[in-house]
Amino acid sequence: MIKIAPPFKGCKPNNLTQGFSQEHQANDYASFYGDILVAPFNCKVISIVKEESLETNEDFKRGFGIRMQSTEDPTLSCTYHHCQGFFPVEVGDYVDRGKPVAFEGNSGFVMAGGQVITVDIGKVPP
């Protein structure tokens, strides 16, 4: 079963730009660059993909990201791709639902308005 949890505060159903399908096994949401992405449930950070860990073409297409596993239901996990290249958490951290885990970016293969967006290499906001 797939559960959908809002990836950022204030996320509404109309922020969903592309839903889950056989061809696209993810949900895409429109938000603003730099928006704080939050834990969708109480979780443990399982992995983080930063610039130094991009190795394959698939890694580059997905960009920087974070994978979390529920501490209440170990069969439930969530991954955020296309993040900025820095994270306020580390692998192994336990994070409460709604707490920051990443920042909205445009890393990897990202399109907006029919145009491919250039890759973000993890600029730290001021």
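**Core, loop, rings and cysteines**

Reply: The largest nonpolar core has 18 residues, and Ile66, Tyr80 and Val101 touch the most other members. A nonpolar core is a set of buried Ala, Val, Leu, Ile, Met, Phe, Trp, Tyr and Cys residues joined through side-chain atoms within 4.5 Å. Buried means under 20% relative accessible area, exposed over 50%, and partly exposed in between (1.4 Å probe, protein chains only).

Me: Which strands each supply at least two residues of this core?

Reply: Strand E4 (43-49), strand E5 (64-70), strand E6 (77-83) and strand E8 (100-103). Strands (E, at least two residues) and helices (H or I, at least four) are DSSP runs, numbered from the N terminus.

Me: Is this a model or what? How are things numbered?

Reply: It's a predicted model, where local features need pLDDT of at least 70 and side-chain atom pairs count only at pLDDT 80 or more, while totals for chains, interfaces and linings use all residues. Residues are numbered from 1 along each chain as its sequence is written, and side-chain values use heavy atoms, with hydrogens and water left out.

Me: Back to Val101: what is it in contact with, leaving aside neighbours within four places in sequence?

Reply: Among them are Leu37, Val38, Ile66, Met68, Tyr80 and Phe87. Contact means heavy atoms within 4.5 Å.

Me: New topic. Is Arg97 buried or exposed?

Reply: Arg97 counts as exposed because its relative accessibility is 57%. You'll find Arg97 in the loop between strand E7 (94-95) and E8.

Me: And what is Arg97 in contact with, beyond neighbours within four places in sequence?

Reply: Ala39, Pro40, Phe41 and Asn42. A polar atom of the Arg97 side chain lies 3.4 Å from the backbone oxygen of Pro40.

Me: How many aromatic pairs does the structure hold?

Reply: There is 1. The ring centres of Phe86 and Phe103 are 5.2 Å apart and the planes sit at 35°, so the pair is tilted. Rings of Phe, Tyr and Trp (its six-membered ring) pair if their centres lie within 6.5 Å; planes under 30 degrees apart count as stacked, over 60 as edge-to-face and the rest as tilted.

Me: Where are those two in the chain?

Reply: Phe86 is in the loop between E6 and E7, and Phe103 is in strand E8, 17 residues apart.

Me: Last one: how many disulfides?

Reply: A search of the whole structure finds 0. A disulfide is a pair of cysteine sulfur atoms within 2.5 Å.

How values were computed:
Polar contact = N/O pair within 3.5 Å; in protein donor to acceptor, adjacent residues only side chain to side chain.
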